[in-house]
Amino acid sequence: MIDLSDNSIRRIAGNGAGHSNSRTYRDGVPGFPLTATIGTVTDAICTSDGTIYFNDTYSKTLRKFIPGPDGDYSKGLIRTIAGKPWPIAAASDPATDLVKDAAGTDAVFIYPEGMALSLDGKTIYMVDGIEDNCRIRKITYTQN
């Protein structure tokens, strides 16, 4: 997080080690966002209540960072809301054969990247894929 009043920078989420497989992928301990493992993030959006949605391209997931009481990110919660972390790549063409539209973590993404939030704040549109396998995915999130 960059504090624009003094240009100071501090880490508010992630343990700094990232993850390398499904065994090391963690949303972290609720209330302690620095315990989460976070891979490559290519896009993030912030809602009016301070919630940050971000894609974790490396693990093929969409995640949500909810600030703690009084908007305190240091007491926040990170939750995977869509995509299966590290899906098993046992398909003849992983770029197309493993794509799966489904609810929550049953969905399978190829390469989640850019995102946009709908005007009502209830739907995220996300670019998913690489080169000629790109698609636009629609994620409607209804839980807290």
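**View 1. The largest nonpolar core has twelve members.** A nonpolar core is a set of buried Ala, Val, Leu, Ile, Met, Phe, Trp, Tyr and Cys residues joined through side-chain atoms within 4.5 Å, where buried means under 20% relative accessible area with a 1.4 Å probe, protein chains only. E6 and strand E8 (123-128) are the elements that give two or more residues to this core. Apart from it lies another core, of seven residues, including Ala36, Ile52, Phe54 and Phe65. This is a predicted model, with pLDDT of at least 70 needed for local features and 80 or more for side-chain atom pairs, while totals for chains, interfaces and linings use all residues. Residues are numbered from 1 along each chain as its sequence is written, and side-chain values use heavy atoms, without hydrogens and water.

**View 2. Four strands form an open antiparallel sheet in the order E3-E4-E5-E6.** Strands are DSSP runs (E, at least two residues) numbered from the N terminus, and two of them pair if DSSP finds at least two bridges between them. Strand E3 (44-46) and strand E6 (77-82) are the edges, each pairing on one side only. Strand E5 (residues 61-66) is joined to E6 by five bridges, and Arg63 stands opposite Thr80 in E6.

**View 3. Three strands form a second open antiparallel sheet, E7-E8-E9.** Strand E7 (112-117) and strand E9 (135-140) each have a single partner strand, so one side of each is left without a neighbour in the sheet. Four bridges join E7 to E8, with Met115 opposite Met126 in E8.

Technical notes: Buried means under 20% relative accessible area, exposed over 50%, partly exposed in between (1.4 Å probe, protein chains only).
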